[in-house]
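Colleague: I'm still finding my way around this model. Could you take a close look at a single part of it and walk me through what you find?

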Amino acid sequence: LSMKHSLILFLLLTGTVQLLAQQRSLYEFTVQDIDGKEISLSTLKGKKVLVVNVASNCGYTPQYEALETLYTKYGTSGFTVIAFPANNFRGQEPGTNAEIKSFCTSTYHVTFPMMSKISVKGEDIHPLYTWLTQKDQNGVMDAPVTWNFQKFMIDESGHLIGMVDPATPPDCDKIVNWITNKK
């Protein structure tokens, strides 16, 4: 192949990879809820989804309250929160699924969907988090999880549209404006 043809082929393949990455969606994944039941995320079609990695012994743990408020306020209008407990940061989620569920319901009265504990980074990263955090998978951005309570915004078509860092509260303007379609 000539240099020109090689370059064209490279650009076509690169574009195809990007297009394929953008074709992937949240709906391709199946996870387990906190009780161990298989859940196809395709059941969330048509909803805006806030995906959050959570932990019970973190300085950000009180964000459960704002997550529950968002879910209660907007959960009937095409929005949901799904939380994934993870023990990736300084052992701040050491509990079993049953212990995590008990803590969240008794302390923060959580009613939004809680999933089984997973890994959100490293060698054993869950495939959903590989998709959320790698641009070559999601077609949008590289957004490695830096701490507990990192928030990923997924649109009604199952595509990643943005991320909010762990320190920013879930009821920040960026998230509320996204949920309510305000610019």
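Modeller: Let's start with Thr61, which sits in the loop between β3 (48-54) and α2 (63-74); helices (H or I, at least four residues) and strands (E, at least two) are DSSP runs, numbered from the N terminus. Please keep in mind that this is a predicted model, where local features need pLDDT of at least 70, side-chain atom pairs count only at pLDDT 80 or more, and totals for chains, interfaces and linings use all residues. Residues are numbered from 1 along each chain as its sequence is written, and side-chain values use heavy atoms, with hydrogens and water left out.

Thr61 has a relative accessible area of 2%, so Thr61 is buried (under 20% is buried, over 50% exposed, and in between partly exposed, with a 1.4 Å probe and protein chains only). Leaving aside neighbours within four places in sequence, Thr61 is in contact with Ala55, Ser56, Phe103, Tyr108 and Phe149, where contact means heavy atoms within 4.5 Å.

Phe103 and Tyr108 turn up again where α2 meets α3: Tyr64, Glu65 and Glu68 in α2 meet Phe103, Cys104 and Tyr108 in α3. By class, this contact has 4 nonpolar, no polar and 2 charged residues (Ala, Val, Leu, Ile, Met, Phe, Trp, Tyr, Cys and Pro count as nonpolar, Asp, Glu, Lys and Arg as charged, and the others, Gly among them, as polar).

Helix α3 (residues 97-108) also holds Ala98. With a relative accessible area of 58%, Ala98 is exposed. Ala98 and Asp35 are 63 residues apart in sequence and 7.5 Å apart in space, C-alpha to C-alpha.
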